[in-house]
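This briefing is for a reader who is meeting the structure for the first time. Please look over the sequence and the model before reading on.

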Amino acid sequence: MKATASMKKNAITIGSRQVGSGHPCYLIAEIGINHNGDIDIARRLIDKAVEHGFDAVKFQKRTIDVVYTPEELATPRETPFGTTNGDLKRGLEFGVDEYKEIDNYCKEKGIHWFCSPWDIGSVDFLEQFEPLCYKIASASLTDDELLLYIKNTGRPIILSTGMSTIEEIDHAVELLEGADLILFQTSSTYPSKDSELNLAVIETLRNRYQIPIGYSGHEVGVMPSVMAVTGFDACAVERHVTLDRSMWGSDQAASLEPRGMELLSKYLAIWPIAKGDGVKCVLEGELPIKAKLRRIG
């Protein structure tokens, strides 16, 4: 696929931040459904994201009866919320009161927040909060109607590419042409093995579409996410976060605990400092060492 002139962008604006090549990495804490339906856990995770220097927190929004079939919702499943899959899905879903609290709390704490809507009704729901952007989950990459509906909001879009062929990504990018778009390289395994991450795809996507490319990681550790930035210039990193990986929930095992959040943020902050400007020179601190050790010159 050949990138068109309207696709080619080095950076896009999300709130007060420029996200793209040449700008600091935009760090997203994916709270998702790891709040387990508890707004207090959501607030605590927002606090950890703020404490460790993340730029944004992200949630997921679904209209349960649209996203899931009656058969899926009726499937027996023992969870803290009841005995069916529907009990679980409804128990994990925040409504307008919780999102008003999230909106106010994030504004108070000075951190961005946004969502992955899984259906058109969820986009309509989220529009009341005037989100800074939308994140489209890998599972929705082939949902043309949803992609176009989100595009028509005029808001920036982040699109994950897990479980997708390059042809499917081509099609999605063509549909979203003209939008402020970032693609994320993603492997939709939970948790992901190192051999499944394929970080080099970040470069493949950047060369193919000539737009900002980030990384959404589902690995257990921190270093592959750091490598995505230092080795392949990912403009943004998204990681699931949790208070404790032993907590109940399907996404907890692929999430960073607070110590991992701290390390990821710390390592990414070091990178632009350690990277330098590429100009080779004699450092001031080297001068006394040079005078002492160099015999000639």
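The notes below cover the strands, the nonpolar cores, the aromatic pairs, the salt bridges and a surface patch.

The model is predicted, so local features need pLDDT of at least 70 and side-chain atom pairs count only at pLDDT 80 or more, while totals for chains, interfaces and linings use all residues. Residues are numbered from 1 along each chain as its sequence is written, and side-chain values use heavy atoms, with hydrogens and water left out.

**Strands**

- Helices (H or I, at least four residues) and strands (E, at least two) are DSSP runs, numbered from the N terminus.
- In strand β3 (residues 26–32), seven of its seven residues are buried, where buried means under 20% relative accessible area, exposed over 50%, and partly exposed in between (1.4 Å probe, protein chains only).
- Tyr-26, Ile-28, Glu-30 and Gly-32 point one way from β3, and Leu-27, Ala-29 and Ile-31 point the other way.
- Two strands pair if DSSP finds at least two bridges between them.
- β3 pairs with strand β12 (residues 236–240) in the parallel sense over five bridges, and Leu-27 has Val-237 as its bridge partner in β12.
- β3 also runs parallel to strand β4 (residues 56–61), joined by four bridges; the partner of Ala-29 there is Val-57.
- Strands β5 (residues 76–79) and β6 (residues 82–84) are antiparallel, with two bridges, and form a hairpin with two residues between them.

**Nonpolar cores**

- A nonpolar core is a set of buried Ala, Val, Leu, Ile, Met, Phe, Trp, Tyr and Cys residues joined through side-chain atoms within 4.5 Å.
- The largest core has 65 residues, and those with the most contacts inside it are Val-57, Phe-59, Tyr-99, Trp-113, Leu-183 and Leu-264.
- Helix α1 (residues 39–51) gives the most to this core, with six residues.
- Another core lies apart from it and has 13 residues, including Ile-14, Tyr-26, Phe-114 and Ile-182.

**Aromatic pairs**

- Rings of Phe, Tyr and Trp (its six-membered ring) pair if their centres lie within 6.5 Å; planes under 30 degrees apart count as stacked, over 60 as edge-to-face and the rest as tilted.
- There are eight aromatic pairs by this rule.
- Tyr-99 and Trp-113 are stacked, at 5.7 Å centre to centre and 20° between the planes.
- Tyr-99 is in helix α5 (residues 96–109) and Trp-113 in strand β7 (residues 112–117), so their pair ties together parts 14 residues apart in sequence.
- Both Tyr-99 and Trp-113 are buried.

**Salt bridges**

- A salt bridge is a side-chain nitrogen of Lys or Arg within 4 Å of a carboxyl oxygen of Asp or Glu, and the count comes to 15.
- Asp-180 and Lys-9 form a salt bridge (2.2 Å, N to O), and these two residues are 171 residues apart.
- Asp-180 is partly exposed at 29% relative accessibility, and Lys-9 is partly exposed at 27%.
- Glu-238 and Lys-135 form a salt bridge (2.8 Å, N to O); Glu-238 is in strand β12 and Lys-135 in strand β8 (residues 134–136), 103 residues apart.
- Both Glu-238 and Lys-135 are buried.

**Surface patch**

- Patches are made of residues with over 30% relative accessible area and no salt bridge, like charges being joined within 9 Å and nonpolar side chains (Val, Leu, Ile, Met, Phe, Trp, Tyr) within 5 Å.
- Met-223, Met-227, Tyr-267 and Ile-270 form a nonpolar patch with about 350 Å² of accessible area together, by the Shrake-Rupley method with a 1.4 Å probe, where for residues only the protein chains shown count as cover.
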